[in-house]
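Colleague: I am new to reading structures, and I would like to go through one with you, feature by feature. Could we look at it together?

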Amino acid sequence: MLPEQHDILWTFITIAFTVFSLYAFINVLGHCRENENVNTKLWGGVFAAFFITNFFLTKHMFTLVQRDQMMFIPWQLATILTLLFTWGVFFKSTEIESQSPPITRAMFFWMTVSVCLAGYTNWLPQQRSDPPPKGGAAISEDLTMEEYTEMGRIIVFGAKQVAGQKSIGKGQCPLCHTFDPGDNIGRCPNLFGVQERSETRIKEDRYKTSPVAIGEKEPASGIIKGKPMEIDEAYRRGGSDELIGEDYLRESLMCPTCYVVEGYGKDGDTKSPMPVISKPPISLSPVELNAVIAWLQSKDTPGEFSNVTVPLPSAASQAEAAPAGGGEEEERPVFVTGDEDIQTMINTLGCPLCHTIPGVEGAMGTLGPVLHEKTNAPNRIKDSRYEGKATNTKEYVRESILSPSAYVVMNEEAGELFPDGLMPQTFSTMLSVKALDKLVDFISQTEAPAEG
Amino acid sequence: MLGKKASLSRTLPLLAVMLFAFSLFVPNFVSDSFAKEAFAERAFAEEAFAKEVLAEEEAAEGAAEEECEISQDVFYKDWEGNPLKGCVSGNPAPELGETDYNTYSFAPSRMILWISNQQHLYFGSFVLAVPIFCMVIEFIGIRTRKEDPVMAQKYDKLAHDLMKISLTAYSWTAILGGVLLFTFITLFPGFFKYMATIFRPVMHVYALMFLAESGVLYVYYYGWDKMSADPFLKWVHVSLSALLNLIGTVLMYLANSWATFMQAPGGIDEQGRFLGNIWHVIHSTLWNPVGVHRILGNIVFGGGIVGAYAAYHYLNARNEEEKAHYDWVCYVAMFIAIFGLIPLPFAGYWLMKEVYAFRQQMGITLMGGIMAWLFIIQAVMIGLLFFGANSYLHNGMSRVKGSERYMKYCKYMVLTLILMFTMWMTPHTIVMTPAELKVMGGAQHPIVGHFGVMSAKNTAVNIMITTTVLCFLLYQRSNKKITVPWATIGNCWIAAIFVGAAANIAFLGVYGYFLPANQRVGLSVPQVTSTLTTLFAGTAINISMFKDSESYGDIEWGTQSKVGTYAIFMLAISFTWLMGLMGYIRSAVRLFWHVTEVVRDNSVDAYTLTIGEAGKILTFNTLFVWVQIVIVFWVGSLTGKKAVVEKAPEGVPVPAQQQQ
């Protein structure tokens, strides 16, 4: 449901409560009629009041949206519990369980169990998955190789990571592949050292003949194996037609069945279970596919990009290749120029996910420290644990953004340091100089809101 | 006991034999299906080959391009594993835009469609299941007519009463179907247009089959009394129920084809263009497993509804006769539900196997990706089912004379269930704050984390099923004094089977930790085999031992405890919620596709819901359908109330207590 809409379950329950209070009122009236000793006016009035109260509570529920409804429903629940208690007093515990028909008790049982199940599902970790953008990533300006490989990493793992949960990006690679040495979930090969393997594999006999021979067309993907110049023009690399490691990686992505690693295929390792990455459902664009190749070629040598043979894309080249009308909601590596307003900048960088930042709407994160840097930064610089180079608030904030591990803040509530390493170390690649200055200026002025 | 003392012992073996026969039938059916698929694939391949040759010949003559364009199927393959080629006979799937979706302000279109669809499916499931029960119950009634006319009439009356309810539910289902159709047309016009274009002939056949279903249903129900007097006509009548089930099954399979096409399409090319063979479109890869899974699911859900109906009437009963009757109906419904439940996981395995075969990525999204938590919830629901079933049996045993010999074991069985359930629902990894992660030393707990893997879970669920089977065997023999000369040997065999099965399951569970994941999967087969051995061999030996047994006394129908009755409610809630959950999982795994990889969902609702959001809709669907079911039962009871006023005819079944 959208935030501005009613919650369908709470709406149903609030109606059910009012219907039940009406039923209780009628039930009590019936008993009053049968028993002359009962004060009909008193009890009729009490249960009529319950009904009217519930009716107005329900009416009020219809003026609320779902979040507010959830906060309000306990009040109605309390009213119903009071009604049940009063009902018990009315019957003075005399055969109380036979004073209402089984349908009422059954429905209560039904609702309680069902709502508990809904509660259970809300207690579990919540993760909403949005569809990937149509088309592919857009390059608005020329990138460095570091930025380009980071783009590849985001395609593989996604931009957002939740602690303790497997992070999966548009490429969905971690569903089956692992990337660290010794790690293997048994579905698809571990990709540690894949750059090196890509160079040697193309020379192996098995590659040349199995499951299709070089020069043959693999039917499912339509790719001719071992012929980099025969690949669809949009995905084709430039240069000579000699087979190189990059071609093997590209072929593995665009034609997984062109070569199947032993033990990971179907039908005697003649068919790969992997989908063609350039086709639906994943549909990586040429720029994205090359970014993944660049990341695969460089991931085992952090900061070193000499193994990358994929050329950098330029904004101009992508503009030529981009289909018309496909770029309105495209995903791109996070980068802020400083021309945005501060709220947009902070949201784009994802700071609110972890930090509570006064003056930024919705910034209520708790994974990292609250940003009251106008008051906190000077104290931290004086802290005996501080080993950074900052001498004033702005320098401290700048240092914290660019080198988060320089000083790890103490979590006073938990009595321990905030976890080191959680904050991305890559903000230097996400911010222009102008943007960094703007962000530092703003964060340096944050302080706790005045009380009262 | 109703229908004299021999009736239960006669009925249970018969049902057990049917269960056994059914279990034999399912693999045969499965293998038949595979054989048919293989045959169909061969036929397709030949057809394709012929078409290719023809196309080549025509191309050589320069005529092919004028007549049709050849394209590749997204799913079907030819002999050599190459995509099957076909003649393009339709337009490409549309690229849907904003104008292809309509909305209301009060709720997202997707939710409205989900609720409409689920409500229709719930009722459809019920009205398809009831004729299956009626067919079986009426058949049992006919078979027992000579030996036990009172019991036979009781069976017949039960089948007739169920049909009466089903008749009202049938109209309700049709109305909900109309609501669903209009929701589709009005809120998703662009997508519905594409589906209607592809499935045009299927939709018309569906409508005609619906007409046939209605006709046979009315003849079957309104002809009940007239066809009861003559034995031959009674056989004709029960044959009508078989026909009714046949048509109902065809109806369901036709409707399934739309859903399975959306999940795993076939018969079209990458652009979504129809390739001229409607059978390919219908018979996509998930069609058979979804069909079998739904038939079994319908039986379970139907059993749950009838059980809850009987449980409610049991609580509401005004005299001993009514209590005895509805207590007995609870038992029959419970038996039917469990009868459908036991093979259901195997159909589920088959379905998942086909999902993995279609796209491994889709399977992993289900079992290890964003849908994985929903399977944890499924585990909890299955745990609830086992607790409900065992609670019912434990409470049911207490009303059987002689059961005190076995009641002392109940607490150990409950303890085993609790332990296994805890293991069964232990997640592999859980989302934590960094501080929590740090304290625990990783996303997996160093000790409890070991229970989160498949080895532990397979072990847990198999032990839970085995415990339930043991509970059922004890229930069966509660009032029996075994007199066969080989009683000791028989008991030893039963004990050996259960102890052996438990030991084997546990050993394989532990052994699994020492094997790589791809080999570990294979251990589930011998574990399940052990469980099934306890079910079939244990039940067979147990029933064989009842020969010439003496009775400590009959089951005192009508004395079921309230806890046992509420256990039936619990089962019904769990079935309903679980059915909605699994349906959601199956449908939501398409993620942002209307038709996987062909028609993208470009609506604002194309996201995958959080678990909590989905859970609330599932709960709403469960509550809403039961409100409707109560209304349908109430409407169905209006004619019954009138009948009570009339004088009871001669030969009406005598309640058990009065017979004794």
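Colleague: What share of the contacts in chain A with a separation of 6 or more joins residues 24 or more positions apart?

Modeller: In this predicted model, residues 24 or more positions apart account for 56% of those contacts in chain A. In chain B, where contacts between residues at least 6 apart in sequence are taken in the same way, 81% join residues at least 24 apart.

Colleague: Which residues of helix H13 of chain A are buried, and how do I read their positions?

Modeller: The general idea is that an α-helix has 3.6 residues a turn, so residues three or four places apart point the same way. In H13 of chain A, which covers residues 393-402, the buried residues are A:Thr393, A:Tyr396, A:Val397, A:Ser400 and A:Ile401. Because they cover an arc of only 130° around the axis, they are on the same side of H13(A). These buried residues pack against two helices of chain A, namely H12 (373-382) and H14 (433-444).

Colleague: Where does A:Ala435 lie, and is it buried or exposed?

Modeller: A:Ala435 lies in helix H14 of chain A, and it counts as buried because 21 other C-beta atoms are within 10 Å, the cut-off being 20 or more. Leaving out residues up to four places away in sequence, A:Ala435 touches A:Val336, A:Thr337, A:Gly338 and A:Met345. A:Pro102, by contrast, is 333 residues from A:Ala435 in sequence and 67 Å from it in space, C-alpha to C-alpha.

Colleague: And what can I read from B:Leu113, and which residues is it in contact with?

Modeller: B:Leu113 has its place in helix H3 of chain B, residues 109-143, and it is partly exposed, with 17 other C-beta atoms within 10 Å. Setting aside its neighbours within four places in sequence, B:Leu113 is in contact with B:Thr183, B:Phe184, B:Leu187 and B:Phe188. Take B:Thr183 from that list: it is 70 residues from B:Leu113 along the chain, yet the C-alpha atoms of the two are separated by 6.2 Å.

Colleague: How should I describe a pair of packed helices, such as H6 and H7 of chain B?

Modeller: Two packed helices are described by the angle between their axes and the distance between the axes. Helix H6 (residues 200-222) and helix H7 (residues 231-263) of chain B pack at an angle of about 155°, and their axes are 9 Å apart. Angles over 145 degrees count as roughly antiparallel, and H6(B) and H7(B) are therefore roughly antiparallel to each other. Their crossing is left-handed. By class, the contact of H6(B) with H7(B) has 18 nonpolar, three polar and one charged residues. Among the residues that meet there are B:Val205, B:Met209 and B:Glu213 in H6(B), and B:Leu244, B:Ile247 and B:Gly248 in H7(B).

Colleague: At what angle do H16 and H19 of chain B cross, and which classes of residue make up their contact?

Modeller: The axes of helix H16 (residues 454-476) and helix H19 (residues 524-544) of chain B cross at roughly 0° and come within 10 Å, and the two helices are therefore roughly parallel to each other. Their contact has five nonpolar, 13 polar and no charged residues. The residues that meet include B:Asn458, B:Thr459 and B:Asn462 in H16(B), with B:Gln527, B:Ser530 and B:Thr531 in H19(B).

Colleague: Which backbone angles deserve a look, for example at B:Asp548 and B:Leu591?

Modeller: B:Asp548, a residue other than glycine, has a positive phi near 60°, and it is found in the loop between H19 and strand E4 (550-551) of chain B. With 9 C-beta neighbours inside 10 Å, B:Asp548 counts as exposed. B:Leu591 is not a glycine either, and its phi is positive at about 55°. This leucine is found in the loop between helix H20 (562-588) and strand E5 (593-595) of chain B, and B:Leu591 is buried, with 21 other C-beta atoms within 10 Å.

Colleague: Is the peptide bond from A:Ser210 to A:Pro211 cis or trans?

Modeller: That bond is cis, with omega near -15°, and A:Pro211 lies in the loop between helix H7 (205-209) and strand E1 (217-218) of chain A.

How values were computed. Residues numbered from 1 in each chain as written. Chains lettered and ligands numbered in written order. Predicted model: local features only at pLDDT ≥ 70, side-chain atom pairs only at ≥ 80, totals over all residues. Contact = placed C-beta atoms within 7 Å. Buried ≥ 20, exposed ≤ 12 C-beta atoms within 10 Å, placed from the backbone. Helix = DSSP H or I, 4+ residues; strand = E, 2+ residues; numbered from the N terminus. Arc of directions from axis to C-beta. Axes fitted to C-alpha atoms, helices over the stretch in contact; angles between N-to-C directions. Parallel < 35°, antiparallel > 145°, perpendicular 65-115°, else oblique. Left-handed = near helix turned anticlockwise from the far one by under 90°. Nonpolar A, V, L, I, M, F, W, Y, C, P; charged D, E, K, R; others polar.
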